Amino acid sequence: MVVLTRTALMATLLMLVACIAMIMLNLTHAHSQLDSLQAIVEDHSRDLEAFSRTSQGINRDLRFHSNNFEGLKHKAETHQGYFQQQEQRIATLSDRQRQSNADLARTKGKLEELAPMAELWKIQLQLSGVTKQQLALQKDNANLREALESLSARVQSLQTEIAQASVASGGETMSSTARRGLLMKDAQGKSDYQTRVQQPGQGGLALVANVPQSQTLLSPGSASGQLTFVDKIGRLIWFRECGCTGIEVEAVTLLQGLAAIMGVGRIRTNRCEMDQSCAWPAHTRKVLDTIEVAEDDLFPSPNRGHADGNVTIIVIHAAYLGVCGMSENLEMVLQGPAGKDGLVLVSRSMVEVDALEDGVIENCNYRFDAVLVPSQQSSDVFASAFAKVGVKTHRMKILSEPVDTTLFNCSGPPRTSPSLPSFGLAKLNDFFSKAPHQTFTFLSSFKWEERKNWRSLIENFIAAFPNRYTVVDGEAGKENVFVRLLMKSQVPSWSTDPDSDIPQLFQTLGKLQADFEDRLLLFREVLPTNELPKLYHAADAFVLPTHGEGWGLPLIEAMASGLPTIATGWGGQMDFMNEGNSWPVRYKIVNRDDGTAGRWAEPEPAALQQAMLEAVAGGAKVRKKTENACKEIPQRFATQQVAASAAELLVSLAASAKGSSLNV
């Protein structure tokens, strides 16, 4: 029994050992399978990672192609719009061509009807010898000679009065008769007085001195016997830019002066919509209402008859067309049957850098008879470019920009006046009302673009006046002055946004914008033109560290208003700025950041800051410079002076065009 029990126990033990062995064998096998599965998992993981990278690459490619597709889609839409515009233009041109053909056919029919009558008239003239018409012409010529002799006597009388008035006044003041003499300034800067005659009841002045009598005409049928401007100028057409830009301000100011000389009857300019033009003073608006026409009615007809000897001078004055750019409506006129017959084409252009872009000179040479530039800076650049391609430089003339000294002058209220200026903008009124007692305000007016160098303006203002109050050595000793900067800016649609540009600049400089919140204000609202003088007189100095100017309208307005004026010492503004009347800042010539043609100026920061500090300190030096500016600007650049120079240039162009083309 015991033996059986042991045997059973051994058997059980052996079975247990066998089971354990079996389990161990299964575990070993399972571990092997697990290793295999782990290897498979790792392989799959690597495959998944590779697939993920491939998927990311595919996604990037998809995004790239999607962007390309959107770009192509946008280009396709743009081209489609362009094609539609071209189709509309072609349709318009076709309609105009059909109308022109119909007009031409009617004209030919009338000529054919008149041909027999003309033959009869010719026979009558041959038979009768001297006709009634010839007798009438002889009588008119006799009247004309008498009128011219009377006019010459009147001119001599006026010249005598001017001389007597000058002697009587000691050469310092002029009588009302003597004031009718306008200062003429040619392209080389030489000046001489040429007498003008103002007839009673006539809106215009007549060029008399240095103009042959054969070029003047007394109208016998006129009640006042008025003298016309020059009989060879039939009409002056001035195509101007709209948008209340400096270009439009210049054009309108100059047209006012020309209207006073030529009379409004001979001048036409395109009408700008009220929301696309300046809020002009009443006297300016009155002139514009008389000379403005719709742009479609501005230029002569392409099917006009042969020129009758009178010249139509057309001036293209729009920066958005580019240097020597051409209006589309004028292009259609030139492509018509009459072509350029009887027309003198003039480009009013300027350049703010030291070189012109490719193709510009070709446009100036082949499209225009003359190019009028505002400054010596532009003249030098154009002359250099003309010389390189063999264009004679006599095609280019200097005509300065005028400043309306009836608006911008030194006779405003004293800047120490306790009364606060009042504007139509609450933002401006609030700015001036919060000024502490010892406050000095720099004004800057410019278009928000890189060329105006707004970064340098703000950066150097912060560097020169980092603290809320600045200690300066004034005439009464050391003073704590609250210095601030007021920026009036126009923001074009293609420009960046100053609301993001200025915070980014402060971040770059490591400064808190909040620390300068009450000392730096930018406003972009449009001020009516008659409120601009008030703004200049409310400020204490003007500063603009520009990279380059074709002329610099706000600078000359500031100087004419008696503001100490600081600007880069390079560019068109150097025609009226000098060390004796302003602060031209030292500079270096640098390449433009965008890589386009030409270089421009970068003012030296130390020199700019020193000039600003001098203006704040004031004193005899500052007063002397502003006094000189108050004298020089009206004498050289008032509207009547520049308009007289413009009239002289127009006379020259009309005389040169008689019987020959001006094209080189």
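A residue counts as buried when its relative accessible area is under 20%. By that criterion Cys324, at 0% relative accessibility, is buried. The structure is a predicted model. It holds four disulfides, and the count of salt bridges comes to 21.

**Disulfide pattern**

- With bonded cysteines counted along the chain, the disulfides follow the pattern 1-3, 2-4, 5-6, 7-8.
- Cys19 has a relative accessibility of 44% and therefore counts as partly exposed.

**Cys242 and Cys272**

- A disulfide is formed by Cys242 and Cys272, with 1.9 Å between their sulfur atoms.
- The torsion about this S-S bond is about -80°, so the disulfide of Cys242 and Cys272 is left-handed.
- Cys242 is in the loop between β5 (233–240) and α3 (246–262), while Cys272 is in the loop between β6 (267–270) and α4 (282–291); the pair therefore ties together parts that are 30 residues apart in sequence.
- Cys242 is partly exposed because its relative accessibility is 26%, whereas Cys272 is buried at 5%.

**Cys324 and Cys364**

- Cys324 is joined to Cys364 by a disulfide, with an S to S distance of 1.9 Å.
- The torsion about the S-S bond of Cys324 and Cys364 is about 95°, so this disulfide is right-handed.
- The link connects distant parts of the chain, 40 residues apart: Cys324 is in the loop between β8 (311–317) and α5 (328–334), and Cys364 is in helix α6 (residues 360–367).
- Cys324 is buried at 0% relative accessibility, and Cys364 is buried with a relative accessible area of 2%.

**Cys410 and Cys630**

- Cys410 and Cys630 form a disulfide in which the sulfur atoms are 1.9 Å apart.
- The link of Cys410 and Cys630 is left-handed, with -95° about the S-S bond.
- Distant parts of the chain, 220 residues apart, are linked by this pair: Cys410 belongs to the loop between β11 (396–398) and α8 (426–433), and Cys630 to helix α14 (residues 620–637).
- Cys410 is partly exposed, with a relative accessible area of 34%, and Cys630 is partly exposed at 23% relative accessibility.

**Salt bridge of Glu250 and Arg348**

- Side chains of opposite charge can pair when their charged atoms come close.
- Glu250 and Arg348 form a salt bridge, and their closest N and O atoms are 2.6 Å apart.
- Glu250 and Arg348 are both buried.

- Arg285 pairs with Asp289 in a salt bridge whose closest N and O atoms are 3.1 Å apart.
- Arg285 and Asp289 are four residues apart in helix α4, so about one helical turn separates them.
- Arg285 is buried, with a relative accessible area of 15%, whereas Asp289 is exposed at 52%.
- A network of salt bridges links Arg240, Glu248, Arg285, Asp289 and Glu292.

**Salt bridge of Asp354 and Arg599**

- Asp354 and Arg599 meet through their side chains in a salt bridge, 2.9 Å from N to O.
- Asp354 is in the loop between β9 and α6, and Arg599 is in strand β20 (residues 599–603); the pair therefore ties together parts that are 245 residues apart in sequence.
- Asp354 is partly exposed, with a relative accessible area of 27%, and Arg599 is partly exposed at 38% relative accessibility.

**Strand β12 and its partners**

- Nine bridges pair β12 with strand β14 (residues 477–490) in the parallel sense.
- Within β14, Phe482 stands opposite Thr439.
- β12 also runs parallel to strand β16 (residues 541–544), to which two bridges join it.
- Phe442 has Ala541 of β16 as its bridge partner.

Terms used. Residues are numbered from 1 along each chain as its sequence is written. This is a predicted model: local features need pLDDT of at least 70, side-chain atom pairs count only at pLDDT 80 or more; totals for chains, interfaces and linings use all residues. Side-chain values use heavy atoms; hydrogens and water are left out. A disulfide is a pair of cysteine sulfur atoms within 2.5 Å. Buried means under 20% relative accessible area, exposed over 50%, partly exposed in between (1.4 Å probe, protein chains only). A salt bridge is a side-chain nitrogen of Lys or Arg within 4 Å of a carboxyl oxygen of Asp or Glu. Two strands pair if DSSP finds at least two bridges between them.
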